[in-house]
Amino acid sequence: MEGLYFYWLAWMAWIWATFFMDKKNPARMKLAFWLLAVIVAAPYKIHLFIFDLHLSAFSIAMFLFIETRKKKKGSFLYLYLSSFIIMLAYTSFLLFELYDPVWVLFDRKIMIAAIGFYLALLLQKHKYNRGLALISGFLQGEILYSMILWQFNFPYSISSLAFMDILIISLAMLITWSGFEMAIGIMSRSTLNQAEREEQKLHE
């Protein structure tokens, strides 16, 4: 069923943001609002110029515009470059899959999500920028792939539920990795503090 991963993980994230995040956290309302906007818009589709696209694409594009317009020029350019690389990887995978689907050895959603996750991790150090680069790259890849198929009169819907599955899985991978990084950092600081206390006791 297309959209199963998306609805399951997105609703879990929305519930967590709405009911469990610290109410003083400024990101809480923003995260809950955009998640709900994408969830509500995802099933609906319109035709615009040469594109068939789901309304979730507009919600995602608006989110990216608001979040990136605050960036400084250097940071914005590097974020754009990172998303451009992810876009090329995403589109290349879909084209290879179209021409020779035999080499897709297991679930394509997991494979594409893993590629996006790895590239975002490789290209960006800041956790939030990783997510922005990933979302932007995947959405641009959808648009580019749709334009290529349009030239051959192949119908393709931008930001379909299948795409949303891929995006949410890749974001879940990033969040999980960030959680591991935080846990390792806390453990490292705890170990370092304990070693310093023991050293102080020896000197005393």
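## The largest pocket

Start with the open space in this predicted model: the largest pocket holds about 1,200 Å³. A pocket here is an open set of points on a 1 Å grid over the protein atoms alone, with protein on both sides within 12 Å along at least five of seven lines, and a lining residue has an atom within 4 Å of a point. Points are joined across faces, edges and corners, and the volume is the space filled by probe spheres set on them.

The largest pocket is lined by 33 residues, and those closest to its centre are Leu31, Leu35, Tyr128, Leu171 and Ile175. Elements giving two or more residues to this lining are α1 (4-20), α2 (27-41), α3 (56-68), α6 (127-150) and α7 (161-203). The largest share, nine residues, comes from α7. These element names follow DSSP runs numbered from the N terminus: helices are H or I with at least four residues, strands are E with at least two. By class, the lining has 26 nonpolar, four polar and three charged residues. Nonpolar covers Ala, Val, Leu, Ile, Met, Phe, Trp, Tyr, Cys and Pro; charged covers Asp, Glu, Lys and Arg; the others, Gly among them, are polar.

## The second largest pocket

The second largest pocket has about 180 Å³ of space. Its lining includes Leu64, Phe65 and Thr68, along with Phe76, Ser136 and Ile143. At least two lining residues come from each of α3, α4 (73-99) and α6. The class count is seven nonpolar, four polar and no charged residues.

## A nonpolar patch outside

On the surface, Ile46, Leu48, Phe49, Ile50, Phe58, Ile143, Met147 and Trp150 make up a nonpolar patch with about 730 Å² of accessible area together. Both β1 (45-48) and α6 give two or more residues to this patch, and α6 gives the most, with three. To join such a patch, a residue needs over 30% relative accessible area and no salt bridge, and nonpolar side chains (Val, Leu, Ile, Met, Phe, Trp, Tyr) are joined within 5 Å. Accessible areas come from the Shrake-Rupley method with a 1.4 Å probe, and for residues only the protein chains shown count as cover.

Take Phe49, which sits in the loop between β1 and β2 (51-54). Phe49 counts as exposed, at 71% relative accessibility. The scale is simple: buried is under 20% relative accessible area, exposed is over 50%, and partly exposed is in between (1.4 Å probe, protein chains only).

## Salt bridges between helices

The whole structure has six salt bridges, each a side-chain nitrogen of Lys or Arg within 4 Å of a carboxyl oxygen of Asp or Glu. In one of them, Arg108 meets Glu97 at 2.5 Å, N to O. Arg108 is in helix α5 (residues 108-123) and Glu97 in helix α4, so this pair ties together parts 11 residues apart in sequence. Arg108 is partly exposed at 26%, while Glu97 is buried at 17%.

Lys109 pairs with Asp165, their closest N and O atoms being 2.7 Å apart. Lys109 belongs to helix α5 and Asp165 to helix α7, so parts 56 residues apart in sequence are tied together. Lys109 and Asp165 are both buried. Another bridge joins Glu181 and Arg130 (3.3 Å, N to O), linking helix α7 to helix α6 across 51 residues. Salt bridges with shared partners also join Glu2, Lys109 and Asp165 into one network.

## Reading the numbers

Residues are numbered from 1 along each chain as its sequence is written. In this predicted model, local features need pLDDT of at least 70 and side-chain atom pairs count only at pLDDT 80 or more, while totals for chains, interfaces and linings use all residues, and side-chain values use heavy atoms, leaving out hydrogens and water.

Note on methods
1 Å grid on protein atoms, 1.4 Å probe; cavity = no way out; pocket = protein on both sides within 12 Å on 5 of 7 lines; lining within 4 Å. Patch = residues over 30% accessible without salt bridge, like charges linked within 9 Å, V, L, I, M, F, W, Y side chains within 5 Å.
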